[in-house]
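Me: I'm new to this one and would like to go through it piece by piece. Can we start with the strands?

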Amino acid sequence: MGNRKSSFIAATFVAVSALVISVGGTASAAEEGAAAPSVIEGAEPGQVEITAVADGDGLSAQAVIVCRGNTDNPHKSHTDSRRANVHVNITCTANVPRIAVRGAIYRDGRLAGTSARNSVTTGRRSAANHANTACINNHQYGSWVGGEITFPPGYRPATGRISAVGRSARITNC
């Protein structure tokens, strides 16, 4: 049984290390805030996640927190019909000390609007934000979610970043 646990721990370490390399994460990055790319043409939509693993005592199963970035479909705003809107969020499987999330909306692949600032929550498992721009009929709108997560003490990585192109939709009813 010890060998299986050692293999699991080693595999988890490799997976987390790969995520840290591909997603990034430093304390200074969390302070800088994520910047939306200016163009998203050709990018693959999808959901991005980062996993953090608690330092274990070697005897019990390790605790794992997974955080995912997501966007909804860009749509005509329900509160201002002259605006196109997208909602973004980062949700974790457990409470974390800090989540900062930003969002962006694109028209025909080019940046058209961003959230005013990071939406920051502390001691919770999720944070949400939105971005909007003028709604122009019959154009393709895209979305982006970005943010930083600070994991509880004892988790590796200590911080992580999410930056992902989200869903897109043609809006025809502006």
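Me: In what sense do β1 and β2 pair, and over how many bridges?
Reply: β1 and β2 are antiparallel, joined over six bridges. Strands are DSSP runs (E, at least two residues; helices are H or I, at least four), numbered from the N terminus, and two strands pair if DSSP finds at least two bridges between them.

Me: Before going on, what kind of model is this?
Reply: This is a predicted model, in which local features need pLDDT of at least 70 and side-chain atom pairs count only at pLDDT 80 or more, while totals for chains, interfaces and linings use all residues. Residues are numbered from 1 along each chain as its sequence is written, and side-chain values use heavy atoms, with hydrogens and water left out.

Me: Which peptide bond is cis?
Reply: The one from R156 to P157, with omega near 0°. P157 sits in the loop between β10 and β11.

Me: How many residues of β1 are buried?
Reply: Five of the seven, so β1 is largely enclosed by the rest of the structure. Buried means under 20% relative accessible area, exposed means over 50%, and partly exposed is in between (1.4 Å probe, protein chains only).

Me: How many residues are in the largest nonpolar core?
Reply: It has 18 residues, and those with the most contacts inside it include I65, C67 and I90. β4 gives the largest share, four residues. Such a core is a set of buried Ala, Val, Leu, Ile, Met, Phe, Trp, Tyr and Cys residues joined through side-chain atoms within 4.5 Å.

Me: And what does C67 touch?
Reply: Leaving out residues up to four places away in sequence, C67 touches several residues, among them V48, I90, I149 and F151. Contact means heavy atoms within 4.5 Å.

Me: New topic: N85. Where is it?
Reply: N85 is in strand β4, residues 83–96. N85 is buried, at 8% relative accessible area. Its side chain makes a polar contact of 3.4 Å with that of H87. A polar contact is a pair of N or O atoms within 3.5 Å; within protein, one must be able to donate a hydrogen and the other to accept it, and residues adjacent in sequence count only if both atoms are side-chain atoms.
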